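Hi,

Here is the structure I promised to pass on.

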Amino acid sequence: MATVLSRALKLPGKKSPDLGEYDPLTQADSDESEDDLVLNLQKNGGVKNGKSALEEVQDPDSDVEVEVTKQRLSESAPDGYPAEATGSLEHKAASSLMPYLRTAVFLLTMVISMILVLVCAFLIPCPPRDLHNTWNRNLGQEAGGLLFPLELSDVNGDGLPDILLSFTGLMNASVLGVSRPSVTVMALSGMNGSTLWSSHIPEEIRSVQCKGLTLAAPAEPVCLVTGTSKFLSLLHASSGKTIWTLNPAHLPSGTLAAPAVLLPDLDGDKVGDLVVLAIGETQPDLCFILVSGMTGKPLGGPVKYSINGEGKLIGPQAHTTSRGAIYILFGFGNVQAVALRDIFAQARNRDSFPPILQQEESEWEKRRSVNLSELIDIYSGGVEFLQIVTASDTNCSDLLITTKHSLTLLRGEDLKPRWNLEQQDIHTQPAPGYFSADQTLDFMVQAQSRDNLKKMLVVDGKSGLSIWSYDLPCHLQESDVLSVMTLERKSVFLFWADEMQPELQNLEPGLRIKRPGLHHLYLLHPAFPTLLLDLTNVTDTVIASAIGINDLQKDAFYITMTTSSTSENQLGLLVVSKLGLRWAMLTQSRMVPLIETTPKISRGEVRRFLSRLKFVDFPHKF
């Protein structure tokens, strides 16, 4: 009975080796042996050959001993934790810190990013915005003299083209207290009209060239100033300080006849060079002089030519053919050409040429005269203007030749006419632009039709036919037509005329009082060929104008130089003005319908169209 009860209750103790019964008297010995087994179990690693050390010592039928061993192992662990859970708690404690570490790293990254954004916002200046849609700058009294076309170029690095001009004003003499003429070259800010720099020049200025110049090393903005006599100087565009000046001794018996022509590098100093045309006391005597763009010193001696021709000086201009041959175009009432390699060979007195002058154009060389003269005849007969324009079907530019009675476009490859348009009394240079949808340059021409009326017409660049024309009242002579291209590769044309007879329709409510003697600036867009936009008006005489592009805002502005009308004995005032085109179109322009259309064009339709216009710089040089 005792044996049965002890097995049922599984009391701790030791079995009798003989009877297999529980002996309470041997409890102490049993405890000591069990402690030794536990120690051996922990030292030996627990399991060996698939069995624990405890299983190797104990009898396989003893369930009581296994329970005792488990109890001892649990007593050796820390209070409240089982032995097998100790390692897992440490792992859980480490893994519970990971979300906090990730959050801390994320917040730290966000804080650093915000600090960098704030630093960039305050320390890196934003590009300046052109907030001046219009301004006027009074330059004082002018004293006559030659006025060259306005040059627009960014000289102060603000991303907006600035205005470079020259005028002859009056300056008080310090000794006699009287006024004497003084020639000034000045740069005005395109932003607000303030003076960026000014410089006094010893003679009247024929031109200031800043665009596309590579006449400094390292490359930096520069301006080339050409005088009417012997002055040729390269200036820093940002300050107006002189880099070099051509020594007048190199022009002993001649004067500069035209602005200098830009050339590629001829002397191997990796800086572009120049060629100037000088005329002697008699017209047929002229010479070309190659000038280093780096130093301003001649690249050899003068190269003299004797030409025949009467009329206006044409050029000189550089023309590059499809083969890479470079020719200099010039003439008096006609157009002739001389190969740059011929000028180089005579100036340097040698037959070896730099790589840029290795090529010849066979179609051009065929036009040399029978005696193998170095001059090539291009066009003869009353030439007024010569323009080099980009062709759409070849990589060689074409030649647009304007006389008083015709317009002719010659192929740049072989000098054969593309087309010819007869038109009487052309008195200004045609303005290239995109009017039709064939992506070929068209030309706006103004001609005197009859008394106080001028004819405006657009000539198709592909066929030479007139595709738009209108007669406008105009008392203002010699005012150029300008064009500016939009992002849709269409051009708007701007020109001056008197007030139109049809009743003006304002884009904004209000009436305009008609006043005689006003000169109006009109805008023509190809999308609305039946109406003009009247942008502004002036009472003074417009003597020069130019268009600048604001690349950041995709806007354009119109620069005008005017002189006030005065009596014979009183000098006029020179004024330079700026007009933002988009601002003028949307706020103060007035619609001038040329013909009645059905349906009628509404002010809202025009305003919506104008608000989407974006102006870009012309991609082609002409």
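Predicted model: local features only at pLDDT ≥ 70, side-chain atom pairs only at ≥ 80, totals over all residues.

Cysteines

Searching the whole structure turns up 1 disulfide. The two partners are C210 and C223, and their sulfur atoms sit 2.0 Å apart. The angle about the S-S bond is 110°, and the link between C210 and C223 is right-handed. C210 belongs to the loop between β8 (205-209) and β9 (222-227), while C223 is in strand β9 itself, so the bond ties together parts that are 13 residues apart in sequence. Both C210 and C223 are buried.

Two further cysteines may interest you.

If you want a place to start looking, find V275, which stands opposite L290 of β15.

β15 also pairs with strand β16 (residues 303-306); these two run antiparallel and are joined by 4 bridges. Here D285 has S306 in β16 as its bridge partner.

An open sheet of 4 strands

Which strands make up the open sheet, and in what order? There are 4 of them, arranged β3-β36-β35-β34, and the pairing is antiparallel. The edges are taken by β3 (134-141) and β34 (541-550); each has a single partner strand, so one side of each is left without a neighbour in the sheet. From one strand to the next, the twist averages 15°.

Within this sheet, strand β35 (residues 555-563) and strand β36 (residues 573-580) run antiparallel and are joined by 7 bridges. A pair to look for here is M561, which stands opposite V576 in β36. As you follow these strands, remember that side chains in a regular strand alternate between the two faces of the sheet.

That is the tour for now. I would be glad to hear your thoughts once you have had time to look around.

Best wishes

Notes:
Residues numbered from 1 in each chain as written. Heavy atoms only, no water. Pairing = 2+ DSSP bridges. Axes fitted to C-alpha atoms, helices over the stretch in contact; angles between N-to-C directions. Disulfide = S-S within 2.5 Å. Buried < 20%, exposed > 50% of the residue type's maximum accessible area, 1.4 Å probe, protein only.
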